[in-house]
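Subject: Structure handover, aromatic rings

Hello,

Here is the structure I said I would pass on. My notes on its aromatic rings follow.

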Amino acid sequence: MITTVARIRPGVPSTLNAFCVADYDPGTSSCDDVFLYITNIFDSNIIVYDYKKGDFWSFSDPSMKPIVAESALTFKGVTYGVPVGVVNVALGWPDKHGYRNAYYAPGSSLAEYIVSTKVLQDSKRASYKYNPNDFTLIGYRGCNSTNLKQIFDLSTGVIFFGEIDSERVRCWNTQLPLNPDTIGVIYESDESVFIPTLSLDSKGYLWFLTNQMPITFNSDGVLDISEVNSRVYRVKASEAIKGTVCDISYHYY
């Protein structure tokens with residue numbers, strides 16, 4: 001059965017270009033207790049949709065804006081200016097009240113931020129009625145670490161990053177401080193690849209895609225269809241972090 005999620009779109013801009021994540025706990029919530037967090041990469045804000053109330057609101061904070069100096073993407077020797085605002089949200093473990101830490105970052109930034117979903121779910125705090133300290137800087141991932149997708153693994157507490165400039169998939173255990181020394185590498189390629197998305201399935205497998213999409217950023221850019229332009233990878237998340245700093249069972253700290 002297909003169910004209509006929303007019949008109206010109050011406050012949603014017509015230029016919306018977004019990524020969306022659903023906040024729902026099947027163990028404690030009813031089917032109506034669902035919130036969607038939608039990142040608007042051009043207006044640099046997070047839009048919240050309350051399914052039960054059928055209502056939208058949004059949060060805008062300076063931490064969601066792109067850093068111009070960190071917006072250059074170099075792919076196969078060509079540099080592109082890609083100023084991208086907040087691009088995705090990774091939801092952490094729920095607390096005893098069902099609220100989660102929401103980890104987020106602009107696509108054009110080396111920084112990582114955090115906000116509680118308790119704040120995001122409170123429409124009275126939107127758009128600029130929140131406490132600025134609610135949106136907090138966690139740390140910096142290091143050089144060439146801009147990413148378009150990050151995802152939280154509930155079984156390990158690890159966030160995986162699909163980095164578009166370093167062309168790697170890296171990991172960070174959220175139980176550790178965030179800095180370049182606490183980030184591990186689980187995938188890197190000798191070839192130039194673009195990593196636009198990551199996902200985790202119910203069996204604990206991490207899936208990610210690599211392709212050659214930046215070639216098409218140029219008006220005359222054409223993919224060579226005689227070559228392999230896209231690949232899909234799958235790995236068990238718990239296996240991927242073994243031997244890296246992300247696996248705290250190895251007692252790096």
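Rings of Phe, Tyr and Trp (its six-membered ring) pair if their centres lie within 6.5 Å; planes under 30 degrees apart count as stacked, over 60 as edge-to-face and the rest as tilted. This is a predicted model, where local features need pLDDT of at least 70, side-chain atom pairs count only at pLDDT 80 or more, and totals for chains, interfaces and linings use all residues. Residues are numbered from 1 along each chain as its sequence is written, and side-chain values use heavy atoms, without hydrogens and water.

By the pairing rule there are 12 aromatic pairs. One of them is edge-to-face and joins Tyr103 to Trp172, at 6.1 Å centre to centre and 85° between the planes. Tyr103 belongs to strand E8 (residues 100-106) and Trp172 to strand E13 (residues 168-173), 69 residues apart; strands (at least two residues) and helices (H or I, at least four) are DSSP runs, numbered from the N terminus.

Ring pairs join Tyr104 and Phe135 with Phe59, Tyr113 and Tyr130 in a cluster.

Charges also sit over rings (NZ of Lys or CZ of Arg within 6 Å of the ring centre and within 35 degrees of the ring normal). Arg141 lies over the face of Phe161, 5.6 Å from the ring centre, and the charged end of Lys236 is over the ring of Tyr205, 4.6 Å from its centre.

Regards
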